[in-house]
Amino acid sequence: MHAIRVHEHGGPEVLTLETVDDPSPGPGEAVVRMESIGVNFIDCYFRKGQYKTALPFTPGSEGAGTVAAVGDGVVDVAVGDRVASQNFVGAYAELARARADRLVPLPDGLSARDGAAAMLQGMTAHYLAASTHTLQAGDCCLVHAAAGGVGLLLCQIARRHGAFVIGTVSTDEKAALAREAGANETILYTRQDFVAEVKRITGGAGVQVVYDSVGATTFLKGLDCLAPRGLMALFGQSSGPVSPLDPQLLNQKGSLFLTRPTLAHYVATPADLRWRAGEVLGWVRDGSLRLRIDRDLPLANAADAHRALEARETTGKVLLHA
Ligand code: NDP
């Protein structure tokens with residue numbers, strides 16, 4: 001089969017298409033013929049060696065397709081089932097392995113393309129709005145990078161909870177997309193002081209939650225946007241990692257809460273995974289959660305996908321197709 005391989009850490013150019021042996025499923029595993037493959041920021045961190053895995057490797061964890069083979073003891077899925085997952089091992093390939101209990105069925109009427117686009121970013125937006133802090137009517141939240149993959153979905157789901165949503169973005173075009181996704185207000189954080197803007201919009205009160213996927217350039221100022229006892233949910237670092245923090249700062253800035261959540265802990269059990277994925281995929285199918293697929297590229301062009309993501313060129317999901 002064809003797969004993207006990484007032999008040394010580096011820029012997007014280290015992603016090369018090669019012919020490799022087909023994977024075979026171990027006990028409890030399934031092999032899926034990939035139709036659509038999700039590209040995520042975390043794939044860049046592994047490519048660069050910021051997150052560790054042994055070399056050489058095939059990147060990617062998200063996608064959807066049809067089960068091609070199952071290993072011993074698999075009862076959750078059968079050959080021919082249409083499935084999606086954010087837990088593939090080496091998703092940038094024609095065939096990819098996953099634990100069978102990490103696969104979720106694609107609902108009838110939902111394409112593999114939509115399934116692949118919704119899993120990781122959709123369930124992330126879901127847990128942030130529903131579980132990290134359960135947003136309620138009357139809450140006000142700040143969503144950084146609101147026109148990004150997670151951002152556009154988080155704006156929609158936060159509004160679904162009845163929250164007032166302020167989104168930050170880098171361009172006017174992205175501001176329009178964030179508003180279409182439900183942001184009540186947008187701030188151009190490349191031109192405006194977002195702390196002053198949040199204070200102005202909230203009449204000085206601040207927000208109950210900051211959802212920060214940007215990290216280095218936004219984190220500290222984000223603490224100044226929070227109402228007393230507010231929550232900073234730092235869930236990414238698109239602009240770089242955040243420096244260590246003195247807990248005393250949380251006291252000084254209003255008895256704040258800080259969490260650094262990750263999806264794995266919010267879909268740890270098969271029941272959690274099926275519930276969260278079921279809601280997200282169900283909303284996509286009934287049209288109440290709109291996906292924005294920024295671009296579809298052939299698997300061979302994985303490097304272009306990474307370049308676009310890192311250059312802030314994308315608004316929504318980037319997919320590869322095997
Ligand atoms: P996005 O599509 O949101 O892309 C990142 C966005 O961040 C850009 O479009 C850009 O928006 C903004 N940004 C700000 N500064 C920079 C910079 N220096 N370089 C690049 N982008 C920058 O990506 P995703 O939605 O897929 O992921 C967002 C973040 O969330 C990533 O860091 C990812 O790792 C993390 N994540 C974490 C999860 C978790 O469970 N913890 C799960 C999923 C994602 P703009 O131009 O408007 O500033």
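**Shell around the ligand**

I sorted the shell around the ligand by class: 12 residues are nonpolar, 12 polar and four charged. I counted Ala, Val, Leu, Ile, Met, Phe, Trp, Tyr, Cys and Pro as nonpolar, Asp, Glu, Lys and Arg as charged, and the others, Gly among them, as polar. This is a predicted model, where local features need pLDDT of at least 70, side-chain atom pairs count only at pLDDT 80 or more, and totals for chains, interfaces and linings use all residues. Residues are numbered from 1 along each chain as its sequence is written, and side-chain values use heavy atoms, with hydrogens and water left out.

Which residues come nearest to the ligand? Of the 28 around it, they are V150, S170, K174, Y189 and R312. A residue is near if one of its heavy atoms lies within 4 Å of the molecule.

I looked for N or O pairs within 3.5 Å. A side-chain N or O atom of K174 is 2.6 Å from a ligand oxygen. R312 places a polar side-chain atom 2.7 Å from an oxygen atom of the ligand. F235 uses a backbone N or O atom, 2.9 Å from a ligand nitrogen. I then checked cover: the ligand alone exposes 900 Å², and the protein buries 91% of that (Shrake-Rupley method, 1.4 Å probe).

I listed the elements that give two or more residues to the shell: α1 (41–48), α2 (112–132) and α3 (149–160). Helices here are DSSP runs of H or I with at least four residues, strands are E runs of at least two, and both are numbered from the N terminus. α2 gives the most, with four residues.

**Domains**

The domain assignment gives domain 1 (2–119 + 266–321) and domain 2 (136–260); such bounds come from an automatic or database assignment. Why does the ligand lie between them? Both domains give residues to its shell, so it lies between the two.

I took the domain centres over C-alpha atoms and found 28 Å between them. The contact (heavy atoms within 4.5 Å) takes 14 residues from domain 1 and 19 residues from domain 2. About 1,400 Å² is buried between the domains, and carbon and sulfur atoms give 50% of this. Buried area is the accessible area (1.4 Å probe) lost on putting two parts together, summed over both. W283, R290 and R312 supply 34% of what domain 1 buries against domain 2, more than any other three residues.

**Backbone checks**

The L55 to P56 peptide bond is cis, with omega near -10 degrees. P56 sits in the loop between α1 and β4 (62–70). A145 is not a glycine, yet has a positive phi of about 50 degrees. I found A145 in the loop between β8 (140–143) and α3.

Technical notes. Polar contact = N/O pair within 3.5 Å; in protein donor to acceptor, adjacent residues only side chain to side chain.
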